[in-house]
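Here are my notebook entries from an afternoon with this model. I wrote down each thing as I looked it up.

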Amino acid sequence: LTALRGAPSAVDALADAADDAATARLADVDVHAALARLDDARYFEAPDGVHYLPNRRCENKEAFEELGRALAVCMVDGTAGRYRFAPTFYKYVLGALPSSVRGLLHDLELFDPVAAKRYREIRLIDDVTALGLRFPPTAAAAGGATDAGAPVTNAVRVRYLKASIAHDLYGCRREQLDAVRKGLLRAVPGLKDELRKLRASDLAVLMAGTSYIDGDLVLRRLAFDGGAANADAFKHYVAQLGADELRRLLYLLTTRAWLPDDGGGGTGGGGGGGG
């Protein structure tokens, strides 16, 4: 947890990166209209009902570029927002996607638990050849070759899992994600360099806005399992954290960088951090 305090001051860096010309361009962005698409199934999908990714079937690239510009406005202005993007979204924008089956499965679990369960079963089955599986159309092999459409055997099981999970998370929606990233980077000159300094959890903090939050508010939502020996020390630690640090902590615990809207229940352990 002490590592949270070593995170870069991303808000200040982004504010410095946004020069007057960029601010003028961002003034024309209809933030409300762009963010309203997050609740529109034509543009975004969330199989788990919580974490969103662009709808793979939506061909309106301009809408996703506009969303990228709207997110730039929120990040630069520190505007409060409650975006429930899947961890893959932040990692794609940062160019920091996982490459292992374990990492890919973790992210898929937070987006589509049913699909993740299916892949876990494929990972354990004795003879995968009997399933008649084929590589997805976006699958690439080493050396620039392609596995697309090739049958899956036990010898290439791991390669298939990597390719197929990656396809479900971002390969099938790469054009939409690229459009969001394009809109974001074009909105603020110098932003690309700043993004290299961030982790997925930092980007989630920025996109969640800087609305008021303090340690007391977080502690009111936390529920400790009976007799936790370190509960007092943890409460003391949380009470000293600043707003950005608290949002990173929330992201680590719940994959969301804001407090839940409902007043009941504790924050809990959630699905683990996506950063």
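Helices are DSSP runs (H or I, at least four residues), and strands are E runs of at least two, numbered from the N terminus. H6 spans residues 101-109, and its buried residues include Leu-104, Leu-105 and Leu-108. Buried means under 20% relative accessible area, exposed over 50%, partly exposed in between (1.4 Å probe, protein chains only).

A note on ground rules: this is a predicted model, where local features need pLDDT of at least 70 and side-chain atom pairs 80 or more, while totals for chains, interfaces and linings use all residues. Residues count from 1 along each chain as its sequence is written, and side-chain values use heavy atoms, without hydrogens or water.

Next I checked helix H11 (residues 200-207), where eight of eight residues are buried.

Then I turned to rings, which pair if their centres lie within 6.5 Å (Phe, Tyr and the six-membered ring of Trp); planes under 30 degrees apart are stacked, over 60 edge-to-face, the rest tilted. I found eight aromatic pairs in the whole structure. Tyr-43 and Phe-64 pair edge-to-face, at 6.3 Å centre to centre and 70° between the planes. This pair links distant parts of the chain, 21 residues apart, and both residues are buried. Tyr-43 and Phe-64 also belong to one aromatic cluster with Phe-44, Phe-85, Phe-89 and Tyr-90.
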